[in-house]
Amino acid sequence: MDFGETSDLWWKTAVVYCLDVQTFMDWNDDGIGDFQGLTERIDYLAGLGVTCLWLMPFYPTTDRDDGYDITDYYGVDARLGHHGDFVELVRTARDRGMRVIVDLVVNHTSDQHPWFLDARSSKDSAYRDFYVWRSDPPPDTSDKVVFPDAEDSIWEYDERTGEYFLHSFYREQPDLDITNPRVRDEIAKVLGFWLELGVAGFRVDAVPSLLDVAGAEPALGEDLDPHDYLRSLRAFLGRRRGDAMLLGEVNLPYEDQVAFFGEGDGDQLTMIFDFMAMQKMYLSLARRDARPLADTLLQRPPLPVHSQWGVFARNHDELTLDKLTDEERHEVFAAFGPEESMQLFGRGIRRRVPPMMEGDPRRIRLVYSLMFSLPGTPVLFFGEEIGMGENLDLEGRMAVRSPMQWSEQENGGFSGAPPDQLKRPPTAGAYGPEHVNVAAQRPDPDSLLSFMRSLVRAYRESPELGWAELHLLEQPHVEVLAHECRWDDRRLLLVHNLGPEPRRVSLQIEGGDGIDLVDVLGEAPCTLDADGTVHVELDGYGFRWLRLSPVGTKRIW
Ligand code: GLC
Ligand code: CA
């Protein structure tokens, strides 16, 4: 691979770990996680093999949307620490080989942000046009709201000035107008600020909504292509820090997503979450049929060489199934979230992976093996590595945001505060801290944590997973996904059985008899015939990662 004059493309093979500082580790025992606590736990994350931390919003907030409603883009929520603590974290992470990226939430501010307070004080406010206003009554927009439990319109009437303002999310989150050059300048300064403090990039919140300027007056009368804005944001980022990246939330079908990567080497978002593969993965798991996932992977558009897919099984929101047909969604609901209390907004599931898999360790491991084996960069959500469950007693999406479970102690070792002072209680029951915690799993070679550590190591030892395109291999079993990732002279063969019955899979591989097979995750035998057929034995819900190297070359584990 010729890297030419490009800068470091570290994100192509990163292992990303998403966490919310306020629920990770509380060091001063006030019930809220803090930067100091996170810094104390950096070695744990380094031990897991994480190479990039994604911090969910830690800025001052009114907490209407768990921090996604920001009142000061330059601040650190005082309950979590201050800028000094932030810098200590970034420095400690860097020392352990970990980069830090932070959430960039600029589709909207909080309605308590000084810009909006000023904007709504008068139609003549200098900040009025930071936001999107209309004077005539809006049409019915109930089909456009993101949170149908709380909103029925994306326009809210402002009593004082007698106009309506746009809010794609909650009404307490007025949308910024990115067609306004002053808004663009302010956003650039926010990026510049955190880059100076050492961050390696941003997870960009709600990108399609950010670029959707419908309702906004084209600035300066120009014909506006909103993607020009994304392009200029990326160019600015590159000027300030050459290897910084933008990881975008763009939950759209592939054909619409691809525009957000941009042209050439990829001049817009560096990386985009693969929401399509995620949703089809659950459909495949529910059906015990690999074909929906396989078909979707084949539809992935080719990416600019510097761009990447962010592959995930679970994030901090509802597990959205919005891109499935109604029928498909109901199949997944029936399999993994049958009760109404487990579902959200009619489109998603508010559970974590292990309870969805009914606690079956084989199937839980299958999900993560599959996720790490799909070409792209894996993104873990905190607690997945130990198999945490959700807390359905918490409201809406908060069910999957209960505190990290460190030990069997009170509050799961997350905090020494009295339990009723916790920001959010841990899960109780089968997935509670007495059963699921880091301390118990660390020394246990058979724990999920130990498995996840090997998986992360295998991923890091296999750069072809970050760089390769996917090749599906023909084989007759519908419950099996067999694919190969090939990059340079490296090849990895990945075989997953989504069904409960054992399967013997025979695969014809190129270059057959001159190949040496190495089992990357274990020592299970497999055979290679002289004609180049590999025979792989899979248990029910079993999987294998096999490295194929030409006989006589240096062995890679
Ligand atoms: C994104 C975030 C979500 C948040 C919303 C509004 O979708 O993932 O948690 O509520 O944006 O900021
Ligand atoms: Ca604290």
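Select Ile32 and Asp34: both are buried, where buried means under 20% relative accessible area, exposed over 50% and partly exposed in between, with a 1.4 Å probe and protein chains only. The model is a predicted one, in which local features need pLDDT of at least 70 and side-chain atom pairs count only at pLDDT 80 or more, while totals for chains, interfaces and linings use all residues. Residues are numbered from 1 along each chain as its sequence is written, chains are lettered from A and ligands numbered from 1 in the order in which they are written, and side-chain values use heavy atoms, with hydrogens and water left out.

**Ligand 1**

Next select ligand 1. Asp65, Tyr68, His108, Phe147, Phe169, Arg203, Asp205, Glu249, His316, Asp317, Arg397 and Arg401 surround ligand 1; a residue is listed if one of its heavy atoms lies within 4 Å. Show the side chains of Asp65, His316 and Asp317. Asp65 has a polar side-chain atom 2.5 Å from an oxygen atom of ligand 1. For Asp317 the distance from a polar side-chain atom to a ligand 1 oxygen is 2.5 Å, and for His316 it is 2.8 Å.

**The barrel**

Switch to a cartoon view. Eight strands form a closed barrel in the order E1-E2-E3-E7-E8-E9-E10-E14, with parallel pairing. Strands (E, at least two residues) and helices (H or I, at least four) are DSSP runs numbered from the N terminus, and two strands pair if DSSP finds at least two bridges between them.

Leu247 stands opposite Met271 of E9.

Then move to Gly310, which lies in strand E10 (residues 308-311). Gly310 is buried, at 0% relative accessible area. Its C-alpha atom is 20 Å from that of Leu481, a residue 171 positions away along the chain.

Ser402 sits in the loop between strand E14 (377-381) and helix H15 (438-441). With a relative accessible area of 0%, Ser402 counts as buried. Its side chain makes a polar contact of 3.4 Å with the side chain of Thr427. A polar contact is a pair of N or O atoms within 3.5 Å; within protein, one must be able to donate a hydrogen and the other to accept it, and residues adjacent in sequence count only if both atoms are side-chain atoms.

Select residues 163-166, strand E6. Glu163 and Phe165 point one way from E6, Tyr164 and Leu166 point the other way, and all are buried. Strand E5 (residues 155-158) pairs with E6 in the antiparallel sense over four bridges, and Asp158 has Glu163 as its bridge partner in E6. E5 and E6 form a hairpin with four residues between them, and Gly162 in the turn has a positive phi of about 65 degrees. Strand E4 (residues 133-134) runs antiparallel to E6 and is joined to E6 by two bridges; Arg134 has Tyr164 as its bridge partner.

**The open sheet**

Move on to strands E18, E21 and E20. They make an open sheet of three strands in the order E18-E21-E20, with antiparallel pairing. Strands E18 (503-508) and E20 (526-528) stand at the edges, each with a single partner strand, so one side of each is left without a neighbour in the sheet. Neighbouring strands here are turned by 15 degrees against each other on average, direction ignored. Six bridges join E18 to strand E21 (residues 533-538) in the antiparallel sense, with Ser506 opposite His535.

**Cysteines**

Finally, colour the cysteines. Taking a disulfide as a pair of cysteine sulfur atoms within 2.5 Å, the count is zero. Cys52 is in no disulfide, and the nearest cysteine sulfur, in Cys18, is 10 Å away. Cys52 is buried, at 0% relative accessibility. Cys526 is partly exposed, at 21% relative accessible area, and its sulfur is 17 Å from the closest cysteine sulfur, in Cys485, too far for a bond.

Note on methods. Axes are lines fitted to C-alpha atoms, for helices over the stretch in contact, and angles run from 0 to 180 degrees between N-to-C directions.
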